[in-house]
Amino acid sequence: MGIFSKIKGAFKKEDKSVLTYEKGLSKTRKGFVDKLANLSKEYSEINDNYFEELEELLINADIGVSTVMDFMDKLQLRVTKENITDPAMLTEIIVDELFIIYVNDQILTNKINYNKDGVTVILFVGVNGVGKTTTIAKLASKFKEEGKKVLLVAADTFRAGAVEQLDAWSKKIGCKLVSDTNTSDPASVVYKGLTKALEDKFDVVLIDTAGRLQNKVNLMKELEKINNVAQKIIPGSPHETFLVVDATTGQNGISQAKAFKEITNLSGIILTKLDGTAKGGIVLAIKQEVDVPVRYIGLGEKQEDLQVFDIEKYIYGLFKDMM
Amino acid sequence: MFESLTEKIENAVSKIRGYGVITEENISGALRQVRLALLEADVNYKVVKEFTNNVKQKALGEEVKKSLKPADVFLKILKDELLNLLGNDKAELNLSGNPSIIMLIGLQGSGKTTTVGKLGNLLRKKNGKNPLFIAADVYRPAAIEQLKTIGKQLNIKVYEQGQSDAVSIVENGIKYAKENNHDLVLIDTAGRLHVDNELMQELKNIKEKVNPGEIILVIDAMIGQDAINVINGFNDALPLTGTILTKMDGDTKGGVALSAKHLTGVPIKFIGVSEKLDGLDYFNPQRMVSRILGNGDIMSIIEKAESVIDEKEAMSVAKKIQAGKMDLEDFLAQLKQIKKLGPLENLLKLLPGARKMGLNNISIDPKQFSKLEAIISSMTKKERKNPDIIKASRKQRIATGSGSSVQDVNKLLNQFEQMQKMMKMMKNGNLKLPF
């Protein structure tokens with residue numbers, strides 16, 4: 001039984017989170033799935049034109065170019081080997097293979113790596129404007145709902161209004177914030193924040209950092225320093241480092257993941273703004289080429305719109321209309 | 001920004017260099033490379049298809065067959081076709097009306113607020129405008145604070161009414177501009193999805209009320225294939241007059257630049273090239289093509305230098321250099337001028353052949369300059385005029401004063417001595433330039 005039918009079976013039941021996925025991804029899905037469905041209708045047999053259109057479809061979903069090329073080679077091989085002629089049958093195989101690319105025989109967990117001996121530190125990094133601060137707010141209120149004592153650290157000392165933005169959120173959520181408008185050194189804010197977290201026994205600390213383009217060496221060095229400071233105060237921290245990626249991001253997402261992974265101990269991607277028309281397919285390439293899994297996805301403005309990532313649900317969301 | 005696209009196209013062209021004649025067979029490899037390079041640069045896949053087809057047809061045309069250097073002709077075809085995509089002309093900004101009104105719109109996080117600051121700064125400097133910013137992002141927490149901070153940095157007035165109704169804020173803001181002699185108004189709007197009907201209606205309402213001369217879509221240059229949906233989505237709701245591509249100083253290949261104009265007819269007007277508030281350049285298609293094809297962009301360097309360097313000061317230093325009389329005082333002034341040029345690596349990238357010389361990936365630590373500045377600033381006037389008097393105890397004092405080491409001071413003095421020697425040689429006409 002293919003994974004496709006397995007997914008189909010698994011989500012027959014009404015599940016609130018599945019519904020959010022569906023709703024959030026509805027714009028995304030339209031277009032991609034319609035086109036894939038059309039493709040199987042349009043072609044009565046599998047030929048070169050079919051493959052060319054399929055390739056374009058995948059490229060259009062921002063799945064990385066080399067990932068798509070690999071994928072196409074694999075698919076063509078399978079078609080010849082298994083003597084598949086009906087495009088309708090191929091749809092199932094396509095979903096199957098996409099799933100395999102992502103999972104790659106690994107056991108993927110989406111549980112937060114909590115520090116059993118005290119404060120859990122989570123660092124958020126990414127390029128400018130991807131939604132780091134908003135994501136932190138959503139996660140903070142999730143943790144708070146779970147009964148955790150949450151501290152926010154405003155280490156974006158560069159962007160105008162960044163501290164105020166996080167401050168507004170901390171008041172809304174009702175959790176503490178550490179900031180220092182007298183310094184432009186984010187590492188010193190982190191120092192202050194983590195020291196406070198230890199003193200006042202916080203459960204989870206979320207550190208907001210300034211957006212930085214991954215090719216700016218000096219800004220990346222700054223991130224290294226933040227990491228060092230965190231490790232010094234709380235050995236083994238940060239326990240999670242999340243790279244926040246905007247779903248509209250194209251091929252540059254791979255470069256972002258590579259560069260941030262080099263400097264930090266990247267443990268996951270948070271894919272934001274998936275409620276638009278963007279498909280965020282670049283996460284498949286990031287997983288394949290850089291081996292960083294997606295941990296959460298943002299499907300809307302509301303707090304509950306930040307969902308734990310589940311590749312099966314994600315693919316289900318993308319392909320729902322075809323099942 | 002276009003480095004690796006450049007590299008791939010150079011590769012593709014060099015393949016053809018080996019051939020005397022272009023045939024369908026021997027360019028198919030090169031065309032495939034061009035195609036992949038463009039796709040990897042996030043150029044829209046339809047545009048890529050059209051582009052490679054056009055290039056292929058022209059490359060196999062009669063003219064190329066007659067040519068003795070097919071690779072050069074191929075390159076020219078690429079250049080012309082790229083120009084076709086980017087649009088041949090520099091798009092002008094509509095500054096009619098008093099006040100002239102520019103509204104910036106876009107997705108969340110594309111860089112609207114920062115760009116409002118940059119654009120106001122640029123138009124004040126280049127067009128002598130007296131801008132007013134209107135804070136109409138009433139949704140994102142602290143968005144108004146952000147604009148106010150930028151306004152303060154630039155000394156540009158920000159009109160705000162807190163988080164009330166965006167349409168009436170804009171109306172009142174325009175009234176305020178008229179009453180206070182602001183001849184330019186820049187409206188910062190909230191980020192929104194093009195599929196969010198409610199918020200798109202808000203933009204339409206603002207447009208109805210104040211009819212901006214420019215409605216500009218701010219686009220993150222890192223955007224992928226979704227770009228076309230975004231641009232069309234906004235353009236369908238309210239006709240765009242242009243786009244601004246932000247974050248072009250990243251390592252994104254910015255393929256959206258190649259598809260935006262071609263697919264939607266909406267011209268690119270500016271590009272954002274640094275985090276600083278002077279980091280906005282006019283978009284120039286010809287120069288962009290030069291950059292993509294690796295021919296460098298000297299004009300941008302010259303313009304940049306002209307805009308920040310004090311001509312009088314530069315002349316007086318030049319005279320001193322010619323006379324072999326430059327001292328550390330002048331050197332300090334020079335350092336300050338160079339710092340104004342912004343990150344030096346951005347300039348180096350624009351040099352012709354920068355990639356081949358390995359200049360595209362250089363990173364220059366701005367702290368190095370600050371260090372030199374600190375050392376010279378710790379010297380007395382007398383020492384700066386006559387560095388020869390700086391001996392051990394003075395060196396120690398200077399090092400302590402500037403928070404550096406005696407070695408650092410020695411290094412600077414040595415370098416300066418070298419410079420002076422070279423200047424003397426120039427004066428005597430003995431200097432043979434190494435190239």
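The contact between the two chains takes 33 residues from chain B and 35 residues from chain A, where two residues are in contact if their C-beta atoms, placed from the backbone, lie within 7 Å. On the side of chain B that touches chain A, helix 2 (24–40) and helix 7 (143–154) of chain B are the elements that give two or more residues. Helix 7 of chain B gives the most, with five residues. By class, this side of chain B has 12 nonpolar, 12 polar and nine charged residues; Ala, Val, Leu, Ile, Met, Phe, Trp, Tyr, Cys and Pro count as nonpolar, Asp, Glu, Lys and Arg as charged, and the others, Gly among them, as polar.

The model is predicted: local features need pLDDT of at least 70, side-chain atom pairs count only at pLDDT 80 or more, and totals for chains, interfaces and linings use all residues. Residues are numbered from 1 along each chain as its sequence is written, and chains are lettered from A and ligands numbered from 1 in the order in which they are written.

Chain A is divided into domain 1 (13–103) and domain 2 (120–310), with bounds from an automatic or database domain assignment. The centres of the two domains of chain A, taken over C-alpha atoms, are separated by 32 Å.

Chain A has an open sheet of eight strands in the order 3-2-4-1-5-6-7-8, with mixed pairing. Helices (H or I, at least four residues) and strands (E, at least two) are DSSP runs, numbered from the N terminus, and two strands pair if DSSP finds at least two bridges between them. Strand 3 and strand 8 of chain A are the edge strands, each pairing on one side only. Neighbouring strands of this sheet are turned by 25 degrees against each other on average, direction ignored.

| Strand of chain A | Residues |
|---|---|
| Strand 3 | 176–178 |
| Strand 6 | 268–272 |
| Strand 7 | 294–298 |
| Strand 8 | 306–308 |

Strand 6 and strand 7 of chain A pair in the parallel sense over three bridges, and A:L271 stands opposite A:I297 in strand 7 of chain A.

In chain B, the axes of helix 8 (residues 166–179) and helix 9 (residues 197–210) come within 9 Å and cross at roughly 25 degrees. Axes are lines fitted to C-alpha atoms, for helices over the stretch in contact, and angles run from 0 to 180 degrees between N-to-C directions. The two helices of chain B are therefore roughly parallel, a term for angles under 35 degrees.

Note on methods:
Angles under 35 degrees count as roughly parallel, over 145 as roughly antiparallel, 65 to 115 as roughly perpendicular and the rest as oblique.
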